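Hi,

Here is the structure I promised to pass on. Please have a look at it first, and then read my notes below.

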Amino acid sequence: GTSVSEMHRDLLGTGCRRAGQDLVEIRGLKTNTNYCFATMYFEGFEESKGCISSISATSSPIGAYYPLPLALLRTKLCTAALGAADFGTSALKNAWPPLFESFCERCA
């Protein structure tokens, strides 16, 4: 894996989880690039307090990619729902109207 140390926590592409939050948002990542991450636990989720764990091993590479456009995702859902016949009726009812609205202009 990639070597990291405590000094790497203030660099671009790092983040700190805040108390009461389940996720860490890391901004400034380049798209179509793989990143490896490591974690360290701070007492009370505050960087000003001392860390109470060592740095973890790095993760497997994680790719930063653009999200799929919603229209493409809804198209795939509709296609799968149609292929599932009666079993996909509920999914089709939920996925089709927003897809139709995104491609059609309303007339006044």
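Predicted model: local features only at pLDDT ≥ 70, side-chain atom pairs only at ≥ 80, totals over all residues.

Residues are numbered from 1 along each chain as its sequence is written, and side-chain values use heavy atoms, with hydrogens and water left out.

The protein has two helices and two strands, arranged along the sequence as β-β-α-α. Helices here are DSSP runs of H or I with at least four residues, and strands are runs of E with at least two, numbered from the N terminus.

Of its 108 residues, 7% are buried (under 20% relative accessible area, 1.4 Å probe, protein chains only). The protein exposes about 8800 Å², with 58% of that supplied by carbon and sulfur atoms (Shrake-Rupley method, 1.4 Å probe).

Now the helix pair. The axes of α1 (residues 70–83) and α2 (residues 89–103) come within 9 Å and cross at roughly 140°; axes are lines fitted to C-alpha atoms over the stretch in contact, with angles from 0 to 180 degrees between N-to-C directions. In contact terms (heavy atoms within 4.5 Å), the α1 residues include Leu77, Cys78 and Ala81, and those of α2 include Ala95, Trp96 and Leu99. By class, the contact of α1 with α2 has 12 nonpolar, two polar and one charged residues.

Best wishes

Terms used:
Buried < 20%, exposed > 50% of the residue type's maximum accessible area, 1.4 Å probe, protein only. Nonpolar A, V, L, I, M, F, W, Y, C, P; charged D, E, K, R; others polar.
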